[in-house]
Amino acid sequence: MNVEEGVKEIVANHLGIPVNEITQNSYLQDDLNADPLTIADLVVSLEDEFQIEIPPHESQKFDKVEDIINFIADKIGEV
C-alpha cells in the first residue's frame, strides 16, 4: 500500500466515508465534515500506521487530504 492509499483508507475509516469518495483535493473540514477532534484522532492513527511523528504545528496545516499525503511522503522518503 502506498502513502496515498493508506491515508485515504485511514481518513475513510475515521470519517465513515467510502474510500472512492475521497480525493487528494478533498478538504477535511469543508468536503469531508471532519471536526478538529476527529482530525486529532486521525493524526494519531496516521502516526501509528506510518511510524512517524506529526508535530501539532504541522497537523494544523492539514486542510486537504493532499497536504497529509505530501507531508507523510516527505517524512518517510516516498516519492
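Hi everyone, let me begin at a turning point: just after H1, Gly16 takes a positive phi of about 65°. When I say helix, I mean a DSSP run of H or I with at least four residues, numbered from the N terminus.

A quick word on what we are looking at. This is a predicted model, where local features need pLDDT of at least 70, side-chain atom pairs count only at pLDDT 80 or more, and totals for chains, interfaces and linings use all residues. Residues are numbered from 1 along each chain as its sequence is written, and side-chain values use heavy atoms, with hydrogens and water left out.

Back to H1, then. With 13 residues, H1 reaches 18 Å from its first C-alpha to its last, close to the 18 Å expected at 1.5 Å a residue; the expected span is 1.5 Å times one less than the number of residues.

Which residues of H1 are buried? They are Val3, Gly6, Val7, Lys8, Ile10, Val11, Ala12 and Leu15. Buried here means under 20% relative accessible area, with a 1.4 Å probe and protein chains only. The cover over these residues includes H2 and H4.

That takes us to the largest nonpolar core, which has 24 residues. By nonpolar core I mean a set of buried Ala, Val, Leu, Ile, Met, Phe, Trp, Tyr and Cys residues joined through side-chain atoms within 4.5 Å. Those with the most contacts inside this core are Val7, Leu28, Leu32, Leu46, Phe50, Ile68 and Ile72. Helices H1 (3–15), H2 (36–50) and H4 (65–76) each supply at least two of its residues, and H1 gives the largest share, six residues.

Take Leu46 as an example. Leaving aside neighbours within four places in sequence, Leu46 is in contact (heavy atoms within 4.5 Å) with Val7, Ile10, Gln51, Ile52, Ile54, Ile68 and Ile72.

Thr38, in helix H2, is buried too, at a relative accessible area of 19%. Beyond its neighbours within four places in sequence, Thr38 is in contact with His14 and Leu15.

Last stop, the rings. Phe, Tyr and Trp rings (the six-membered one for Trp) pair if their centres lie within 6.5 Å, and planes under 30 degrees apart count as stacked, over 60 as edge-to-face and the rest as tilted. The count comes to one aromatic pair. Phe62 and Phe71 have ring centres 5.7 Å apart and planes at 65°, so this pair is edge-to-face. Phe62 is buried at 7% relative accessible area, and Phe71 is buried at 14%.

Terms used:
Buried means under 20% relative accessible area, exposed over 50%, partly exposed in between (1.4 Å probe, protein chains only).
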